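Trainee: Can you walk me through this one? I have the viewer open.
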Protein chains: 2
Amino acid sequence: MSAASPRPAAFPLAPNATIGILGGGQLGRMSALAAAELGYRCHIYAPQDNEPGMLVSAARTIADYEDAAALAAFAAAVDVVTFEFENVPVRTLEILAPLVPCRPGPKALAVCQDRLQEKAFFGSAGVPVAPWAAVTTEAELRDAIARIGLPAVLKTTRLGYDGRGQAVLREPGDAAAAWARLSPRPLILEAFVPFTQELSAIAARGADGATAVYDAVENRHRHHILDLSFAPARVAPAVADAARAHAARVAAALELVGVLAVEFFLLPDGTLLGNEIAPRPHNSGHWTQDACQSSQFHQHIRAVAGLPLGGAARHSDAVMRNLVGPEGMARLPALAADTGVSLHLYGKASAREGRKMGHANRLFRLESLAFTAEAELLSEL
Amino acid sequence: MSAASPRPAAFPLAPNATIGILGGGQLGRMSALAAAELGYRCHIYAPQDNEPGMLVSAARTIADYEDAAALAAFAAAVDVVTFEFENVPVRTLEILAPLVPCRPGPKALAVCQDRLQEKAFFGSAGVPVAPWAAVTTEAELRDAIARIGLPAVLKTTRLGYDGRGQAVLREPGDAAAAWARLSPRPLILEAFVPFTQELSAIAARGADGATAVYDAVENRHRHHILDLSFAPARVAPAVADAARAHAARVAAALELVGVLAVEFFLLPDGTLLGNEIAPRPHNSGHWTQDACQSSQFHQHIRAVAGLPLGGAARHSDAVMRNLVGPEGMARLPALAADTGVSLHLYGKASAREGRKMGHANRLFRLESLAFTAEAELLSEL
């Protein structure tokens, strides 16, 4: 690797500067659309062509994430680099970082790629987590079960998302099958906590350390994939405030420049436990596109470009529904005909089972009665 | 021209269908961004490369507007065609219309390209206009002045915008110089009306004839270029309603599929006079990007794609400020630091004098006091 320092940064980036984005999925696409609104060009780097983000960007590179020559050419062609998902190899950012400013940098990426590091990091940032144990042998799994109890969830430490790489253990007899399925990868056993709700909070942090945090939201999953987000979360103000404070603290501890999401479990006594950190715009923040002055994608681009952060206040209440697979796309005609809904589709060619194809945001007047009538909402959206 | 009918339309367009846009300026760019959110690809057709719209679109054609071969290839590559400005030659749409659905069609374009047709059309649609006369000779100009009186405005009938191709006549002695400057093009003399405000209203009309009209806005110009729009217009409800009704009637009479803006003069007695029709998204509708569920660009794409129209209701009050030339761009640092403002920049390379580089939307709570405090607003934005 070159020992050179990155090019002197000229932040804030001037209009028409080019933002390089590693990854071309829907998060890269929506970041590119926000960047365009802010007057920037985007250059998408991804291993495959015709990714959703490429269809709305001025330039693209199709190359492997560890192709040093392609990365060097990419670094030379852009003014700053960001990434749209946390499974970009840390090595990629290590190759790029000496050549061009990278926001966020390798540190945030490394922490969030490994559930063990993530759990330890939560602790160091003052965010409580459920009991957990590292598991590398079947004997360690048995010890961990004895210590943590059941039910519990066995997960791969790396590359899991949307419920992949996980097994729920309800009784001791489940351990052998789970071990057989998930080993020999490094694993983590996490106590299954009796949560009443899943919440998340999104924080943006600028290069100057300024932070803007959106209202905490309440998430409902279906088949382990986010289905609905309610903004704001219908929880006690102290709980919502705690979620936002945790997210801001995590962003500061990671020295993040960009946007991150922290997912929480809410326990019956009001305790919040940190679950996951995503160092990028997050599905549970899509409601901000229609209900806030600056969306999470605008904030991410503002931070990456060195602009001051925008307004994170919510002007409307919102419910976001994911459109997943053929079933989600079957909702399109009804959603398109509904004047209370904004549609966001990702330009993906085929609606495979479990694939996120788009989402819909329904807006409500701030603190309106309709928003609190959950049953009505669920049937309406 | 081929006698073939356009390809059978498959409306509403399926996700990932391609929308062809004639023109690549900021209106094409913002339409392309809205199309992307709705899951469509865009193909920009324009005579010059590197137009703002091309930087956010999947495909481009660089060719003259009357290049029949290039237009045929364009028609074959897209599912529907629209245009971003009304100075596209009518001939272009006449070449395309037999090959591919064009929305809006040649009729709306032809009416809006010629101030004489436009005035006559306003009359037929039941919208009053200021006294006017066609002028093709200097003698006709003198006759028109005698009939209409002074002050009056002499304008070219075609290709004028942002105050170009106009001369104000205050006294009879001004006629000769104005004639010398503007002839031998066909001209129109329009009475100079003592208006108290300039208003506009934006109407969207779907292929099924459904109409959605945004709140009327109040416009302030500077050097003949739109400077500020206040949404909603601070006028009596009856005036605002009349502006919206006029816009809807004009859209219906033009059999428009898409979005149009109608500009009005408001007289001291509350009368609205129609001034101009723009059969496309309009600068005075940019506030809808941040203050309405569906922006004028989303509505335009929805109409063109055959989707039902979206929600045009305003969730916030708004003030839009244009960023024009170097002076406008000098405001950027302050606007970027203002969390009450959303920025929209167009990706143009150089900020020439008088060039529209971007705009800023400030949001206010619905019917808030701050919005009505105009002086504060003007200094704030």
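Predicted model: local features only at pLDDT ≥ 70, side-chain atom pairs only at ≥ 80, totals over all residues.

Trainee: What pLDDT does chain A average?
Mentor: Chain A averages a pLDDT of 93. In that chain, 93% of the residues score at least 70.

Trainee: And what are ipTM and pTM for the model?
Mentor: The ipTM is 0.93 and the pTM is 0.94.

Trainee: How many residues does the contact take from each chain?
Mentor: It takes 32 residues from chain B and 32 residues from chain A.

Trainee: Which elements of chain B supply at least two residues each?
Mentor: α1 (26-37), β16 (341-345) and β17 (356-364) of chain B do. The largest share of that side comes from β16(B), with four residues.

Trainee: Nonpolar, polar or charged on that side?
Mentor: The side of chain B that touches chain A has 16 nonpolar, 14 polar and two charged residues.

Trainee: New topic. How many residues does helix α8 of chain B have?
Mentor: Helix α8 (residues 237-253) of chain B has 17 residues. From its first C-alpha to its last it reaches 24 Å, close to the 24 Å expected at 1.5 Å a residue.

Trainee: Which residues are buried in α8(B)?
Mentor: Among them are A240(B), R244(B), H246(B) and V250(B).

Trainee: And what covers the buried residues?
Mentor: The cover includes β9 (197-205), β10 (211-213), β13 (258-266) and β14 (272-278) of chain B.

Trainee: What follows α8(B)?
Mentor: E255(B) follows α8(B), and its phi is positive, near 50°.

Trainee: Over to chain A. Where does T271(A) lie?
Mentor: T271(A) is in the loop between β13 (258-266) and β14 (272-278) of chain A.

Trainee: Why is T271(A) called partly exposed?
Mentor: Because 14 other C-beta atoms lie within 10 Å. Buried needs 20 or more, and exposed means 12 or fewer.

Trainee: What separates T271(A) from A242(A)?
Mentor: They are 29 residues apart along the chain, and their C-alpha atoms are separated by 9.2 Å.

Notes: Residues numbered from 1 in each chain as written. Chains lettered and ligands numbered in written order. Expected span 1.5 Å × (residues − 1). Contact = placed C-beta atoms within 7 Å. pLDDT = per-residue confidence, 0-100. Nonpolar A, V, L, I, M, F, W, Y, C, P; charged D, E, K, R; others polar.
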